[in-house]
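Trainee: Could you take me through one part of this model in close detail, and then show me how the rest of the chain fits around it? Please spell out your cut-offs as you go.

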Amino acid sequence: MSGDGLLPTELRAWMVLLAATGAVEQQVRAVVKERLDVSHDEFLVLCLLAEVPQGLRMTRIAEHLGRPKTRLTYQIACLQHAGLVTRKSVCGDKRGVEVVLTDKARRLLTEVSEPVSERVVQALGRIMGPTQREAMRALLPDFVEPSDAE
């Protein structure tokens, strides 16, 4: 534990991460609603599926995103209705359902990825201090100082 304050270093880091996550979510929510007409949580599902071309089982999506399966079922139904995902039964498993992005979703994600990425960088730049920004640059090479992001 550090003598720099009341909270241990790990808890302070966690609080910075939560604040940064909240700031990013707020910025991303507006863009994806306007450009894709989906909720932030539905956008997270699309992003997760974008990284796995062959699709994922619903149970794995729920695990990755920490969402209850019932809520995920509703979100997937909304995405399917919008033509952004397809669902299919998993061969050999009556209860297994796999979800895959449609070509429409891939095209829309390609179109929206740059504006969303810009919003992520801006939000992180406003919330994080110099030390956190330096650490973030190791993960996001294009991360800029807040004055450059405005």
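Mentor: Happy to! Let's start at V52, which is buried, with a relative accessible area of 16%; buried means under 20% relative accessible area, exposed over 50%, and partly exposed in between, using a 1.4 Å probe and protein chains only. V52 sits in the loop between α2 and β1 (56–57). Helices here are DSSP runs of H or I with at least four residues, strands are runs of E with at least two, and both are numbered from the N terminus. The C-alpha atom of V52 lies 9.1 Å from that of L101, although 49 residues separate the two along the chain.

Before going on, a word on the ground rules. This is a predicted model, so local features need pLDDT of at least 70 and side-chain atom pairs count only at pLDDT 80 or more, while totals for chains, interfaces and linings use all residues. Residues are numbered from 1 along each chain as its sequence is written, and side-chain values use heavy atoms, with hydrogens and water left out.

On confidence, pLDDT is the predictor's own score for each residue, from 0 to 100. The protein averages 84, and 88% of the residues score at least 70. Confidence is highest in α2, at 94, and lowest in helix α7 (residues 146–149), at a mean of 48. Where pLDDT is low, the predicted coordinates should not be read in detail.

Now the wider fold. There are seven helices and three strands, and from the N terminus they run α-α-β-α-α-β-β-α-α-α. Of the 150 residues, 36% count as buried. Contact means heavy atoms within 4.5 Å, and among contacts with a separation of 6 or more, 46% join residues 24 or more positions apart.

The largest nonpolar core has 35 residues, and F43 and I61 have the most contacts inside it. Its elements giving two or more residues are α1 (9–36), α2 (40–50), α3 (58–65), α4 (69–81), β3 (93–101) and α5 (103–127). Such a core is a set of buried Ala, Val, Leu, Ile, Met, Phe, Trp, Tyr and Cys residues joined through side-chain atoms within 4.5 Å. Leaving out residues up to four places away in sequence, F43 touches V28, V32, L36, V38, L109, V112 and V116.

What about its length? At 1.5 Å a residue, the 25 residues of α5 should span 36 Å, and its end C-alpha atoms are 35 Å apart, which agrees; the expected span is 1.5 Å times one less than the number of residues.

The loops deserve a look too. T102, in the loop between β3 and α5, counts as buried at 15% relative accessibility. Beyond four places in sequence, T102 touches G83, L84, V85 and T86. D37, in the loop between α1 and α2, is exposed, with a relative accessible area of 56%. D37 also has a positive phi of about 55°, although it is not a glycine.

T73 in helix α4 is partly exposed, at 37%. Its contacts beyond four places in sequence are M58 and R87, and its C-alpha atom is 9.3 Å from that of A62, 11 residues away along the chain.

Finally, the cysteines: C47 is partly exposed at 30%, and C78 is partly exposed at 27%. The structure holds zero disulfides, a disulfide being a pair of cysteine sulfur atoms within 2.5 Å.
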